[in-house]
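Please look through the sequence and the model shown here before reading on.

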Amino acid sequence: ALATIIALISLGCEAKPPSREQAKIGDRLVLLVSGMTCSGCEGAVNQGVMTCPMVNAVEASATDEEVVLWVKPGSDLSTVKAKINSLGFAVEPDATN
């Protein structure tokens, strides 16, 4: 458990998701993500990515193999990508639009 908390902190994300409503405001970005196969995968990505403070909202789709993010303008997505990778999914390189 301590290793998980340390890993989350090193990724720039909080150990527990903040208690806040998702707001689809800010820059809308799409990451292509492989490895999600079900709604459980989508939920894990949604919950995990929401721990990153620059993320306002997230919608993961296993069917579309993508994660749609609404982030604070000018955000560095390296921590979000690292978070998704740490959950066992693969973010396609330079797959942001």
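If neighbours within four places in sequence are left aside, S61 is in contact with M36, E42 and E66, where contact means heavy atoms within 4.5 Å. This is a predicted model, in which local features need pLDDT of at least 70 and side-chain atom pairs count only at pLDDT 80 or more, while totals for chains, interfaces and linings use all residues. Residues are numbered from 1 along each chain as its sequence is written, and side-chain values use heavy atoms, with hydrogens and water left out.

S61 lies in strand β2; helices (H or I, at least four residues) and strands (E, at least two) are DSSP runs, numbered from the N terminus. With a relative accessible area of 15%, S61 is buried, a word that stands for under 20% relative accessible area, whereas exposed stands for over 50% and partly exposed for what is in between (1.4 Å probe, protein chains only). The side chain of S61 also reaches the backbone nitrogen of D64, at 3.0 Å.

Not counting residues up to four places away in sequence, E66 touches V30, L31, L32, V33, M36, E59, A60 and S61. The C-alpha atoms of E66 and V91 are separated by 8.8 Å, although these two residues are 25 residues apart along the chain.

Between β2 (55-61) and β3 (66-71) there is a loop, and E65 is found in it. The phi of E65 is near 55°, a positive value in a residue other than glycine, and E65 is partly exposed, with a relative accessible area of 43%.

Which residues of helix α3 (residues 78-86) are buried? They are T79, V80, K83 and I84. Seen down the axis of α3, these buried residues fall within an arc of 140°, so they line one face of the helix; the arc is that of the directions from the helix axis to the C-beta atoms. Just after α3, G88 takes a positive phi of about 100°.

Turning to the whole protein, there are three helices and four strands, which follow the pattern α-β-α-β-β-α-β when read along the sequence. Of the 97 residues in the protein, buried residues make up 38%. Among contacts between residues at least 6 apart in sequence, 69% join residues at least 24 apart.

How values were computed. Polar contact = N/O pair within 3.5 Å; in protein donor to acceptor, adjacent residues only side chain to side chain.
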